[in-house]
Amino acid sequence: MSCRGKVMRPQDIQSVQQSFAGIFARKADLAERFYVHLYTRLPEARRLFRNDFVKQKSMLTAMVAACVKNLDDRQALGELATQLLGTHAHLGLGARETEAAKRSLIAALRDILGADLDPETEAAWSRAISLVAGTMTRH
Ligand code: HEM
């Protein structure tokens, strides 16, 4: 698991948790923007989704919320990462798709947070996403 050996600095965890708390009420918009950016970067990804889109969006935000909440709990984060790896394993995602997902989530956060996504907060989110999303590819 890519969580091994990696930890986040307390100030990064706080910054991610605070910014997410501020947009929690708009989490459906965040998911909407995530998929807009993902499909722009990976047009072929669109046909992989079989679930109802409303359900898909709520599963995405539930996963993001769980990861954000557990950034300081390596065991819980490792379990979430294993879960993510499991649900994506059959898709054969590689580095390109993982990178697209990271960029799409940052872009979605920018759409919702605007100027509140200052460079420090963005860097903290990037570290958090790398910590968890690195595990969507087998390595
Ligand atoms: C930030 C990165 C990502 C997160 C947090 C994420 C999260 C999730 C979650 C929570 C589910 C639902 C799992 C379940 O059914 O319980 C899911 C399903 C799925 N994800 Fe992702 N995902 C990410 C990136 C991607 C990428 C990059 C792709 C494709 C290129 C992708 C394709 C899919 C597909 C197709 C499903 C549905 C699987 C199925 O029903 O067969 N995901 N994702």
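This passage describes the largest pocket of a predicted model and the ligand within that pocket. In this predicted model, local features need pLDDT of at least 70 and side-chain atom pairs count only at pLDDT 80 or more, while totals for chains, interfaces and linings use all residues. Residues are numbered from 1 along each chain as its sequence is written, and side-chain values use heavy atoms, with hydrogens and water left out.

The largest pocket holds about 1,000 Å³ of space. A pocket is defined on a 1 Å grid over the protein atoms alone, as an open set of points where a 1.4 Å probe fits, with protein on both sides within 12 Å along at least five of seven lines; lining residues have an atom within 4 Å of a point. The volume is the space filled by probe spheres set on the points, which are joined across faces, edges and corners. The lining comprises 38 residues, and Gln56, Leu60, Leu84, His88 and Met136 lie nearest the centre of the pocket. Two or more lining residues come from each of helices H2 (27–41), H3 (53–69), H4 (74–88), H5 (95–113) and H6 (119–133), helices being DSSP runs of H or I of at least four residues, numbered from the N terminus. H3 gives the most, with seven residues. By class, 26 lining residues are nonpolar, seven polar and five charged; Ala, Val, Leu, Ile, Met, Phe, Trp, Tyr, Cys and Pro count as nonpolar, Asp, Glu, Lys and Arg as charged, and the others, Gly among them, as polar.

The ligand sits in the largest pocket, a term requiring more than half of its atoms to lie within 2 Å of the grid points. The shell around the ligand has 20 residues, the closest being Phe49, Arg50, Gln56, His88 and His90; a shell residue has a heavy atom within 4 Å of the ligand. H3 supplies the largest share of this shell, four residues.

The iron atom of the ligand has a single protein donor, His88 (NE2), 2.0 Å away, donors being N, O and S atoms within 2.8 Å of the metal (3.2 Å for Na, K and Ca). His88 belongs to helix H4.
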